[in-house]
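Here are some notes for a colleague who is opening this entry for the first time. Please read them with the sequence and the model side by side.

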Amino acid sequence: MEQQNPQASSPENNSNSPEACTTPSPIAAALQRESSAWVAEVIEALDETTIVVPREHIVEVCAFVKTAPGMEFNFLSDLCGFDRGPEEEPRFEVNYHLFSTTQRHRVRLKVLLNEDDPLVPSVTSIWRTANWHERETYDLFGVVFDDHPDLRRILLPDDWQGHALRKDFPLRGYEPYSLE
């Protein structure tokens with residue numbers, strides 16, 4: 001019997017949000033069967049599944065979905081950050097867009113991070129392509145990937161001050177890069 005996510009099946013979510021899901025996807029159900037702590041929330045929208053994973057479990061979840069029979073998410077197609085804004089908490093998201101080249105299905109894993117602790121474990125040990133994706137997210141949003149083999153700026157100059165895609169970053173930047 002499939003387990004249901006209590007947050008996804010709450011009446012508030014079903015009546016007020018078209019994105020809420022009353023029955024988790026087969027991928028989310030498999031994760032919940034493996035460990036109930038791995039799934040904080042399941043969001044189904046526009047024929048896509050997003051699974052919110054607590055940051056302390058992201059490496060375990062990624063290792064599981066990469067090798068589990070029937071899942072085989074062997075391709076990390078993208079890893080990106082998102083800043084919800086300084087007035088939101090949790091402020092940051094790290095989104096992992098996964099694709100299975102053998103099963104031909106997709107899933108998005110999402111980790112939520114507070115502004116005062118934007119730290120998440122690196123998944124470079126699972127997918128080597130995570131290396132540059134994590135560096136870009138670090139460079140532009142300031143999310144720190146613990147145990148990353150070479151966490152440094154990749155797009156902006158080494159002496160750049162701040163993180164350019166944070167919503168509180170000045171539109172004209174800081175000196176000496178100002179346009180004035």
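Which pattern does the chain follow when it is read along the sequence?

1. This is a predicted model, and the points below should be read with that in mind. Read along the sequence, the chain follows the pattern α-α-β-β-α-β-β-β-β-α-β, and it has 4 helices and 7 strands.

2. On the chain as a whole, 42% of the 180 residues count as buried. The chain exposes about 10000 Å², and carbon and sulfur atoms supply 50% of that area. Among contacts between residues at least 6 apart in sequence, 48% join residues that are at least 24 apart.

3. Helix H3, which spans residues 58–67, deserves a careful look, and its buried residues are Ile58, Val61, Cys62, Phe64 and Val65. Why do they lie on the same side of H3? They cover an arc of only 165° around the axis, and therefore they share one side of the helix. As for what covers the buried residues of H3, the cover includes helix H2 (26–34) together with strands S4 (92–99), S5 (106–113) and S6 (119–121).

4. Strand S5, which is part of that cover, also holds Lys110. Is Lys110 buried or exposed? Lys110 counts as buried because its relative accessibility is 13%, and the cut-off for buried is under 20%. Leaving aside residues up to four places away in sequence, Lys110 touches Thr50, Ile51, Val52 and Val53, and it also touches Glu93, Val94 and Asn95.

5. The largest pocket has a volume of about 160 Å³. Which elements give two or more residues to its lining? They are strand S2 (48–52), S4 and S5, and the largest share, 3 residues, comes from S5.

6. Glu72, in the loop between H3 and S3, has a positive phi near 50°, and with a relative accessibility of 24% Glu72 counts as partly exposed. Arg104, in the loop between S4 and S5, has a positive phi of about 60° although it is not a glycine. Is Arg104 buried or exposed? Arg104 is exposed, because its relative accessible area is 62% and the cut-off for exposed is over 50%.

7. Which residues does the cis peptide bond join? The bond joins Glu89 and Pro90, with omega at about 5°. Pro90 is placed in the loop between strand S3 (75–83) and S4, and S4 is among the elements that cover the buried residues of H3.

8. S5 is part of what covers the buried residues of H3, gives the largest share of the lining of the largest pocket, and contains Lys110.

Technical notes: Residues are numbered from 1 along each chain as its sequence is written. This is a predicted model: local features need pLDDT of at least 70, side-chain atom pairs count only at pLDDT 80 or more; totals for chains, interfaces and linings use all residues. Side-chain values use heavy atoms; hydrogens and water are left out. Buried means under 20% relative accessible area, exposed over 50%, partly exposed in between (1.4 Å probe, protein chains only). The arc is that of the directions from the helix axis to the C-beta atoms. Contact means heavy atoms within 4.5 Å. Accessible areas come from the Shrake-Rupley method with a 1.4 Å probe; for residues, only the protein chains shown count as cover. On a 1 Å grid over the protein atoms alone, a cavity is a set of points where a 1.4 Å probe fits but cannot get out, and a pocket is an open set with protein on both sides within 12 Å along at least five of seven lines; lining residues have an atom within 4 Å of a point. Grid points are joined across faces, edges and corners, and a volume is the space filled by probe spheres set on the points.
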